[in-house]
Every structure is written in C-alpha cells, then in structure tokens.
Amino acid sequence: MANSRPPKTAMLLAQQIVADINRRGNRVGDRLPPERLMLEEYNVGRGTLRESLRFLELQGVIRLRPGPGGGPVVQQPDSTALATSLTLLLQFENAPFRTIAESRVGLEPIMARLAAERMSEEQLADLKASVDTMKLHLGDQRVFLEENKRFHDVIAHGSGNAMFGYLVDALLDILDGSAIGIDYPEVRREAVQEAHAQIYEAIAARDPLAATEAMSDHIDQYMRYAERKFPDVLDEPITWAH
C-alpha cells in the first residue's frame, strides 16, 4: 500500500537544498552557505536544518566538514546509498543472493549491447586495461575480484545509460563473491578472463550482437558455476550485515 503520510518538513527542505544546488550551478567541492544564512533563507529551525543536512550527507550529496570554516560541501553521489536501500528492501523480503545473480542475467547483456554502440575510446581503453591486468595477476584472487568488478562497472557506465551504471555498481556491492563465500580457483579465474577478453573484442569491434551473446554466455557460465559449487550461498538470505 502506498505511504499516505505527508513528507516531513526536513525532507521537503532537503529537496529544496538540492534544487538550489542545481539552480546555482554548484559543483563538487563547492561550499554551501553557512548554517546561519541557511536558517534565514529557509526560515526553519536549527533541528530541521540539521536533519535535512544529515539526510543529504547519508545520500552522498554533501559532506559536512567540521571545525571553523567548515559546513556542508557538495559531493558527487555514488551507488552506496542505492546499495544500502536495495539491501534493506531485499532483506525485508527475505530474498536470497540468487535474486541479485538472476538480475545480472537479464541486465548485463543489454548493457554490453549498448556499450558496443556507445562506449567512448577512453572507456574502451579502460576496459582493455582491466582485461590485461586480470590476465597478468591470475594468481592473485584479490586483484582478480577488483578487476572483475571494474570490468563490469566500465561496461555498465559505457552503456551510456546512467541508471545501468549505478545499478550495476550497487548490485556488485551487494553480490561480492568474496564476502558471501564464492571462491574462484585459478582455473575458474582463467575462464573468466577469457570471457572478458571475448566481450572486450566484441565491444571494440562495435558489434552489438556479438557483445550481447558474449556477455550472456559469460553470466550464464557464472550462474552454472555458482549453482554447481555454491548453491547454499545463492540461497542465503541477503542481509545488511554482508
């Protein structure tokens, strides 16, 4: 059922502060007016203003710099708040980690197709660097996991669709294989690296169909591997503690 309660004053004020950031053309690193001026401008109490600013800080919109000369500073929001919100929503649905894995099956081939059509040369170079770095460090699972996330991040953002970029960032934050117990022996890492190389080649060739098929095969292989080796992990309920 939809929430029929009216928005809190602090939430309305937070929306107004963001609207004013946009209206003024503030950029990352810009300081917002000090508390005294904001109290006058918005005609609210100190408690309401501080609640609004704290909410915006939690959302990654601002950073509250302490001390003299401090105050709210504009930041670039990232996927952290989205990952937290999704985790809590899924936890209260008692959803398993399989939910995230299945979402990737549906979403990532589409992202690969769009990336083949839209990815910039700079992003393409970044994707190639990830493939090469993973190959050079196949013996190091930490580097493997870092490059695995980087590879999929670059494709998501390279799709030219901002929603996909932030969504994959959030999904990968939730479904971190090392955190939930999915292990990658070196033979599996080699298979992943080869799949990444094939996906890169298709995207570099600007071949949307090949990119879609290569990514679909890659994610399907991941699901089959996880189902075969770690079914209990996929069935584990998502919790915010992970």
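Visitor: In what order do the elements of the protein chain run from the N terminus on?
Guide: They run α-α-α-β-β-α-α-α-α-α-α-α-α-α. Helices (H or I, at least four residues) and strands (E, at least two) are DSSP runs, numbered from the N terminus. The model is predicted: local features need pLDDT of at least 70, side-chain atom pairs count only at pLDDT 80 or more, and totals for chains, interfaces and linings use all residues. Residues are numbered from 1 along each chain, and side-chain values use heavy atoms, without hydrogens and water.

Visitor: How many helices and strands does the protein chain have?
Guide: The protein chain has 12 helices and two strands. Its C-alpha atoms fill a box of roughly 60 × 40 × 35 Å along the principal axes.

Visitor: How are two packed helices described?
Guide: By the angle between their axes and the distance between the axes. Axes are lines fitted to C-alpha atoms, for helices over the stretch in contact; angles run from 0 to 180 degrees between N-to-C directions. Here, helix H5 (residues 98-118) packs on helix H7 (residues 141-158) at about 65°, with the axes 7 Å apart.

Visitor: Which residues of H5 and H7 meet?
Guide: Contact means heavy atoms within 4.5 Å. H5 brings residues including Arg104, Glu108 and Met111. H7 brings His152, Ile155, Ala156 and Gly158.

Visitor: What share of the protein chain is buried?
Guide: Buried means under 20% relative accessible area (1.4 Å probe, protein chains only). Buried residues make up 40% of the 242 residues.

Visitor: What share of contacts between residues at least 6 apart in sequence joins residues at least 24 apart?
Guide: In the protein chain, that share is 73%.

How values were computed: Buried means under 20% relative accessible area, exposed over 50%, partly exposed in between (1.4 Å probe, protein chains only).
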